[in-house]
Amino acid sequence: MVLKIIKAASDGFPSFVSGQLLGVDLENVLNVTHAFSYPASIKDNESAGIRSKSIVKYQNDILSHLKAVNVDVNTIGYFASTALGRYFHSTVIDNLLHLQAANPNAVFLLYDNAHPTESGISLKAYRLSEAFIQARKEGSFSTEYLQKVDLTYRNIFDELPVSIKNSHLVTLFLQTLEKKNASQTHPTSLASNFDKFDISIDFYLERNIEGIFNSIDGFHTDQGSYNWYQRQMAREKLKIKQWQHKRALENSARVASGKDPLPEDEWKTLFKLPEEPSRYDNLLISGQTDKFCSQIEDFGANVNTKLFATQKSLNI
């Protein structure tokens, strides 16, 4: 199943590929037994969801054929390929909400095409947290509500452990490939290899840094809207405070002259407080920025060591 996902992602690269996960749920353990990808013409991306008519029709056709050959047709989630861990966007969340509404244990399996092969396969499983699902149901992403339920960009998703079990034939095939690649990379034990002395910045790190720049731009745009809201709120509150002070003085004068005081809550009909913008986009942008930073922290250690080691000889 993992090889199917990797092959589909590799064949579709640089475009992103997605598909459906099938299997069974036994004692809170999801066993993924089969997966199929969506055709390139209707693939799932940031502008299309798994609930579109073309994808639903394709799913139903594939499931009917698989059922005819006794393959598990229970939908337990969906998978997608990405680059640099980009999964903090609304399409993924909408798809997961739809799947978890039907099956609370549904998962999102993410394969990263841009992940360095030396570090192994980047295959991670995620599920929306209960706090985020509740916030989405209530449609409230205000600062006060997020603080109340302790929802931040760090707990939008719950990461789940992934365990891969291969058949004996697949294990033998992978070992054959490993030996073949090793013999091609190192034909003799005396072959010179100076790759470890390369001090150029890794392409993977460069792309992550570029991703941070783009995320920061989006963050500044969102923060600008929120700062405007705060300034408008401060102005309106100042006007309300001035009106209340004026009304208090006026009521004091009326009481002194034996007249009934005027209502002091009339400001509610005279002033309209600005509505706080949703912090939903801010959560996603912050989460993606944090993901880029984590990847740089994980894979930047080797490059930094080489740069510091050659700093003196290069007179930098």
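How many salt bridges does the count come to? The count comes to nine salt bridges, a salt bridge being a side-chain nitrogen of Lys or Arg within 4 Å of a carboxyl oxygen of Asp or Glu.

## The model and its confidence

This is a predicted model, in which local features need pLDDT of at least 70, side-chain atom pairs count only at pLDDT 80 or more, and totals for chains, interfaces and linings use all residues. Residues are numbered from 1 along each chain as its sequence is written, and side-chain values use heavy atoms, leaving out hydrogens and water.

The predictor's confidence in each residue is its pLDDT, on a scale from 0 to 100. The protein chain averages 82. A score of at least 70 is reached by 84% of the residues. A contact means heavy atoms within 4.5 Å.

## Overall build

The protein chain has ten helices and six strands. These are DSSP runs, numbered from the N terminus: helices are H or I with at least four residues, strands are E with at least two. Take the contacts between residues at least 6 apart in sequence: 73% of them join residues at least 24 apart.

The chain has 316 residues, and 32% of them are buried. Buried means under 20% relative accessible area, exposed means over 50%, and partly exposed lies in between (1.4 Å probe, protein chains only). The accessible surface comes to about 20,400 Å². Carbon and sulfur atoms hold 54% of that surface. Such areas come from the Shrake-Rupley method with a 1.4 Å probe; for residues, only the protein chains shown count as cover.

## The nonpolar cores

A nonpolar core is a set of buried Ala, Val, Leu, Ile, Met, Phe, Trp, Tyr and Cys residues joined through side-chain atoms within 4.5 Å. The largest one has 32 residues. Those with the most contacts inside it are Phe108, Leu128, Phe132, Phe141, Ile156 and Phe157. Several elements give two or more residues to this core, including helix H2 (53-68), strand S3 (75-82), strand S5 (123-128) and helix H9 (280-299). Helix H3 gives the largest share, four residues.

Leu128 shows how the packing works across the sequence. Beyond its neighbours within four places, Leu128 is in contact with Ile93, Leu96, Leu97, Gln100, Ile133, Ile156, Phe157 and Asp158. A second, separate core has 13 residues, among them Val2, Ala9, Leu109 and Tyr111.

## A buried serine in a loop

Ser122 sits in the loop between S4 and S5. Its relative accessible area is 11%, so Ser122 is buried. Not counting residues up to four places away in sequence, Ser122 touches Leu110, Tyr111, Asp112 and His115.

## Charged pairs

Side chains of opposite charge can pair when their charged atoms come close. Lys7 and Asp11 form a salt bridge, with their closest N and O atoms 2.9 Å apart. They are four residues apart in helix H1 (residues 2-12), so about one helical turn separates them.

Lys124 is partly exposed, at 31% relative accessibility. In helix H7 (residues 203-256), Glu236 and Lys239 lie three residues apart, about one turn of the helix. Their side chains meet in a salt bridge (3.8 Å, N to O). Glu236 is buried at 15% relative accessible area, whereas Lys239 is partly exposed at 42%. Arg247, Glu250 and Glu266 are linked in a network of salt bridges.

## A nonpolar surface patch

Leu3, Phe173, Leu174 and Leu177 make a nonpolar surface patch of about 330 Å². Patches are made of residues with over 30% relative accessible area and no salt bridge; like charges are joined within 9 Å, nonpolar side chains (Val, Leu, Ile, Met, Phe, Trp, Tyr) within 5 Å. Helix H6 (residues 168-185) gives the largest share of the patch, three residues. Leu174 is found in H6. With a relative accessible area of 32%, Leu174 is partly exposed.
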